[in-house]
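Here are my notes from going through this model. Have the structure open while you read.

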Amino acid sequence: MEWLAVKGAGSLVPLLSRKVCVRLGEFIGRTAFAVDKRNRRVAMSNLEAAFGDRFSPAQREEIARESYVEFARTVTDLFWTPALTAENFWDYAEFANLERLRAEIAPSNRCIFAVFHYGNFEWLSPAVAWAGMTTDVVTQEFKNPLLDQIFQGFREHAGHTSVPRNKAIVRLYKTLRKNGRAALLVDTTLAPHHPTVVIDCFGLKTIVTVAHAWLHEKTGAPLIPIYCEPLPEGRWRIVAQPKIEVPPGATHQEIAQLCWDSFEPVVRQNPAPWLWMYKHWRYKPVAAPRPYPFYSQESPFFEQIAARPNYAKLDRPAALEAMQP
C-alpha cells in the first residue's frame, strides 16, 4: 500500500503545473504543522534551545510552521523532478557563485559537497549535475525497501549516482581518488558508536558524522559547503560557499567544526528553511551547562568522543587497504 501511494504520487505530481505544485507543498506543510503534534514539539524545543529568548513563543511557532512548509515543498519538488530538464530547470532555480565554484575545484574538478538540511536540499542534485558536475550522492535507505528504487529514480534523474549510506565511505573515497565528486549530508546526528566527532552547534554540543572530514584528509579534495535557499514565487537559489580553508594538520573535529561554522550564520539570519523538526541534539553531555531540547539524552560517550579529535578506527590498515581503488 505504501509503495502504491508513493508510486501514484510519483506519476501524478509531475503532471501538475509549477504553480499548483508549489501551492500543494505549502498546503501539505501547513496541514502537517497543524496535526503533527509530536514533531512540532521537537521543532519548538529546538528553536528555544538554539536561540534562547531571541524569539517569542509566537515567533518560534511561525518559524516552525514555515520550516514544515519548506520541507513539504522540498518533498513535492522531489516528486516533480521528472518534469525537469537541463533547460527548464533554470526557470525555477538559479546558481549563485557558480564560476567561483568551478575555479576552486579546477583543474581536477573533484570536490566534496557538504550538504545541509536547508531549503530544497533535494534540488541540489539536478542543479550541480546540470551545471556540469555529476556527483556520487549518499542517500538513506528506507525502512520499506520497495521505496528505494522510486526515490533513486528521482535523485538520479539529472545524472547523479546514489550511494547507499552503509557503503558510502569506500565508494566516495574511490570516486574522489579518480577525480570525481562526492556529496553527503553533514548536519545529521549519529549515535556515538558511529564514526563521529563532537562540534558546537548554536552553542550546544552535538555528535555528527566524520565522513567529510576524513575524506578531505585522505584525498585533499576541496570541501565545499552548499545549500539551497527559497526565493519568491516558488523558486530556489543554490549557494555554493567558499571552500573550507583547512589549516595543515587539522583534526577531523576541527574540519567538521569549520564546515558547520561556515553554515550557522546562514541559519541565524534566516532560520525557517532549516529542518527544525529533526532531532539535531539527540544526545547531550552529562551535566550540560545550558538547557538542551526535551528529547536530548545524557551520554557518557560525549567526553570520550570530544577527547578523540580523529576517528582512529577508520585509520586501521585493513580499512585503508579495502579502500584502495
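The points below cover a hairpin, some salt bridges and a surface patch.

1. A reminder before anything else: this is a predicted model. Please read the distances and accessibilities below as values computed from that prediction.

2. Start with the hairpin of S6 and S7. The two strands run antiparallel and are joined by six bridges, with Val 197 standing opposite Val 208 in S7. Two residues sit between the strands, and Phe 202 takes a positive phi near 60° in this hairpin. Strand S6 (residues 196–201) is mostly covered, with five of its six residues buried.

3. Next, have a look at Thr 206, in strand S7 (residues 204–209). Its relative accessible area is 3%, so Thr 206 counts as buried, the cut-off being under 20%.

4. On to the charges. Side chains of opposite charge can pair when their charged atoms come close. The structure holds 14 salt bridges. One of them joins Arg 237 to Glu 94, with the closest N and O atoms 3.0 Å apart. Arg 237 lies in strand S9 (residues 236–240) and Glu 94 in strand S1 (residues 93–96), so this pair ties together parts that are 143 residues apart in sequence. Both ends are partly exposed: Arg 237 at 25% relative accessibility and Glu 94 at 30%.

5. Arg 237 has another partner to check. Glu 229 forms a salt bridge with Arg 237, the closest N and O atoms being 2.6 Å apart. Glu 229 is buried, at 18% relative accessible area. A network of salt bridges links Glu 94, Glu 229, Arg 235 and Arg 237.

6. A separate pair is Arg 171 and Asp 136, whose side chains meet in a salt bridge at 3.0 Å, N to O. Arg 171 belongs to helix H8 (residues 168–177) and Asp 136 to strand S3, so the pair ties together parts 35 residues apart in sequence. Asp 136 is buried at 8% relative accessibility, whereas Arg 171 is partly exposed at 36%.

7. Last, the surface. Trp 3, Leu 4 and Leu 146 form a nonpolar patch there, with about 310 Å² of accessible area together. Leu 146 is in the loop between strand S3 (136–139) and helix H7 (148–155), and counts as exposed at 53% relative accessibility.

Terms used: Residues are numbered from 1 along each chain as its sequence is written. This is a predicted model: local features need pLDDT of at least 70, side-chain atom pairs count only at pLDDT 80 or more; totals for chains, interfaces and linings use all residues. Side-chain values use heavy atoms; hydrogens and water are left out. Patches are made of residues with over 30% relative accessible area and no salt bridge: like charges are joined within 9 Å, nonpolar side chains (Val, Leu, Ile, Met, Phe, Trp, Tyr) within 5 Å. Accessible areas come from the Shrake-Rupley method with a 1.4 Å probe; for residues, only the protein chains shown count as cover. A salt bridge is a side-chain nitrogen of Lys or Arg within 4 Å of a carboxyl oxygen of Asp or Glu. Helices (H or I, at least four residues) and strands (E, at least two) are DSSP runs, numbered from the N terminus. Buried means under 20% relative accessible area, exposed over 50%, partly exposed in between (1.4 Å probe, protein chains only). Two strands pair if DSSP finds at least two bridges between them.
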